Amino acid sequence: MAVNREESAMLRGRFGGPARSVGAFFVLLVFVPPLLLLVSGSFQTPGRPPSQTPELIPRPATAVGYELAFEWGGLLRATLNSLIVAAIAVPLSVLVASAAGFAITLLSRRARIVVIGLSVAALMVPSTALLVPRFALFRWAGLTNTFVPLVSPALIGMSPLYVLAFYLAFRAIPRDLYDACLIEDLTPARIWWRVAMPQVRPVTSAIAALAFVTTWSNFLDPLVFVYDRDLFTLPLALRSLAALDPTDFPIFLAGAVFATLPAVVVYSIAQRRFLQ
Amino acid sequence: MKKVLAAFAAIAVIAGGCTKQQPQGAPDLGPIQVLVSGSPDEIAAYKTLIEAYKKAKPGTEVQLLEASSSGDLTTKLSTSIAGGAPPDAFLMNYRLYGQFASKNAVEPVDERLKASKVIKASDFYQQAMSAFRWGGKQMCMPQNVSSLQVYYNKALFTKYGVALPKDGWTWNDFLGTAQQMTRDAAGHQIKAGETEGGPAPKAAVHGAGVEPVIIRVAPLVWSNGGKLVDDDQKPTRFTFDDKASLEALRNFIDLRIAYGVTPTDEEVKAADLVSRFTKGQLAMLFESRRVTPTLRNAKDLDWDVVSLPRYGNPAGILHSDAYCITAGSKHKDAAWSFIEYAMSPDGQKIITATGRTVPSHIEVSKSDAYLDPTKAPKNSKVWLDAVPHVRAVPTISTWVEIEAAVEGILENAVNRGDKLDAVVAEIDKQTKPMFARGVTP
């Protein structure tokens with residue numbers, strides 16, 4: 001543990017001070033202006049020709065875009081649907097991915113290589129290639145037009161990448177610790193939950209944040225699996241606002257601001273935990 | 001394994017037995033799913049249409065499946081067809097439906113149309129009907145019969161004292177007008193080539209805006225007496241090496257390269273053509289009927305529409321969407337019943353009220369539902385006058401790919417000034433294999 005602290009202090013020294021500030025400045029320079037324009041654009045008046053140059057402070061500023069985004073896009077219902085899907089899918093993904101990652105750690109060397117190889121191969125399969133088989137399966141099970149197809153990726157840890165990330169995190173914990181737990185008659189499940197998981201909290205936060213953003217921004221699955229407007233998630237609702245006339249763009253931008261906020265909040269929370 | 005399969009089969013049989021069975025002879029009331037794409041106002045119009053249909057035919061059940069763009073609609077449709085559960089009906093442009101018709105995913109409507117007591121084939125413009133014929137069969141029922149025309153900003157013309165364009169004008173008339181309307185910030189006309197090597201003054205107003213895509217070039221080629229492809233029925237290649245076709249293509253590209261009357265790629269990326277038109281930065285805009293609601297909503301915009309400029313013969317390009325029944329539908333009669341209503345004068349008037357479509361029903365197109373004199377544009381009749389001259393691009397299953405490939409090449413030609421010979425050769429090189437792969441009716 002002392003070594004780890006030294007290492008992290010060294011890292012902080014190398015990437016701290018002015019270097020860190022300069023890095024942060026450039027990151028802000030890339031990401032903040034578009035966000036500011038997104039927010040300011042959402043307060044423009046809908047129905048008017050877009051301004052010739054971007055206006056940071058719209059004159060007059062109005063919240064009509066937000067009102068219409070909720071009315072035309074059904075954002076309230078869509079947000080609730082997205083929250084329900086995320087509330088189920090994110091914890092489930094983290095649990096499954098971490099459990100799978102831990103299981104790989106305990107496998108024999110040969111089995112581990114096979115499983116990792118399969119995971120990497122699965123990572124390379126484009127999700128669109130699986131769309132039709134998934135549709136056929138869910139239709140056969142009578143689960144299309146429900147949230148089940150949207151949550152189901154969580155049952156395999158959302159992505160093989162998350163499983164591998166957990167595996168790498170668990171592998172960094174000394175093997176002796178697991179062996180000691182086994183000698184103490186702890187079951188693998190208890191070792192995973194009581195011993196291993198508390199050691200990888202930053203990774204858990206990062207994976208949870210990534211799983212949230214993946215679920216929150218998932219467009220293709222709702223497009224294919226959901227029919228009822230009442231079951232639309234935010235990306236689908238936003239897409240319908242994107243089809244508005246160019247003069248109504250503030251309405252789409254207002255919807256985009258609304259859809260971005262939860263992701264910003266989740267990242268802020270995850271970042272704090274990650275730094276801890 | 002056999003036991004597992006037997007169990008699955010048993011479940012399938014039981015599930016099949018649980019579905020609602022239609023008593024023999026009773027009308028098929030659905031439920032049906034209808035897949036459409038469009039902006040929120042179009043979707044609202046389809047919802048109104050469905051409500052009106054349910055009122056006219058009590059007991060029917062229709063579920064509207066929404067997509068925001070034709071791309072999303074295609075994704076949803078192709079996945080559901082491949083997955084064995086397609087919607088019962090869908091609305092699609094004739095340029096896109098070939099990919100589904102070629103795979104027998106669309107149910108012909110001839111028999112039902114012949115037997116219909118609500119509509120008949122002669123109620124509709126044949127130019128639109130024929131675009132949806134595949135293998136001699138009527139596959140879908142066209143909802144609209146739009147075409148490419150020229151919108152113009154009347155206030156800008158008045159401001160610069162330039163004569164308003166008139167129907168029947170020629171390409172040279174158009175080019176002269178576009179040059180007169182291309183102005184700098186001080187309102188002075190920008191004349192191409194005047195700066196002699198120096199940087200050209202930046203235009204505050206461009207004379208015209210037209211997307212560099214094949215469906216914009218095609219009617220100009222036809223008007224000049226040229227051919228777009230070697231064989232309209234079984235196309236194998238574009239024929240831009242033909243003299244008349246090449247001239248039309250050159251003149252199209254020269255709008256930007258030689259005369260600078262159209263905005264640059266960077267300018268269009270900063271604000272698209274419709275936005276520029278509504279802001280008074282574009283005097284004329286080549287578009288179909290679809291932008292009419294946008295322009296109607298643009299406050300303080302004084303505008304009208306004029307026919308597409310012609311070379312020798314008047315020519316136009318068809319823009320049409322149609323209702324199709326999927327071959328995999330379990331309620332084809334119910335789907336047809338809905339389409340019958342949507343195509344009837346009552347149904348057509350509901351969609352025409354959006355302002356976005358030119359109704360394919362001849363009687364409705366000549367009524368106030370479409371030619372409402374209180375609503376812009378005043379010259380809505382221009383779309384009806386164009387109908388006898390409109391032509392469709394070839395019906396081939398790979399047309400979507402072909403259009404996308406040509407778009408990239410034309411964009412480069414218009415923005416980089418690629419040599420015309422190289423442009424034509426590149427179009428040929430890229431699209432020939434796509435034509436070869438394509439299935440034609």
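**Confidence**

I began with pLDDT. The mean for chain A is 88, and 91% of the residues of chain A reach 70 or more. Helix α1 (residues 2-15) has the lowest mean pLDDT, 54, while helix α7 (residues 148-151) has the highest, 96. Where pLDDT is low, the predicted coordinates should not be read in detail.

**Helices α3 and α13**

Next I looked up how helix α3 (residues 64-73) of chain A packs with helix α13 (residues 234-242) of chain A. Their axes lie 10 Å apart, at an angle of about 110°. An angle of 65 to 115 degrees counts as roughly perpendicular, so I list α3(A) and α13(A) as roughly perpendicular to each other. I noted the crossing of α3(A) past α13(A) as right-handed. On the α3(A) side, the contact is made by Ala69(A), Trp72(A) and Gly73(A); α13(A) contributes Ala237(A), Ser240(A) and Leu241(A). Sorted by class, I have 4 nonpolar and 2 polar residues in this contact, and no charged ones.

**Leu37(A)**

Last, I checked Leu37(A), which I found in helix α2 (residues 17-42) of chain A. Setting aside neighbours within four places in sequence, I found Leu37(A) in contact with Pro54(A) and Leu56(A). I also looked up Ile57(A), 20 residues from Leu37(A) along the chain. The C-alpha atoms of Leu37(A) and Ile57(A) are separated by 9.2 Å.

How values were computed. Residues numbered from 1 in each chain as written. Chains lettered and ligands numbered in written order. Predicted model: local features only at pLDDT ≥ 70, side-chain atom pairs only at ≥ 80, totals over all residues. Heavy atoms only, no water. Axes fitted to C-alpha atoms, helices over the stretch in contact; angles between N-to-C directions. Helix = DSSP H or I, 4+ residues; strand = E, 2+ residues; numbered from the N terminus. Parallel < 35°, antiparallel > 145°, perpendicular 65-115°, else oblique. Left-handed = near helix turned anticlockwise from the far one by under 90°. Contact = heavy atoms within 4.5 Å. Nonpolar A, V, L, I, M, F, W, Y, C, P; charged D, E, K, R; others polar. pLDDT = per-residue confidence, 0-100.
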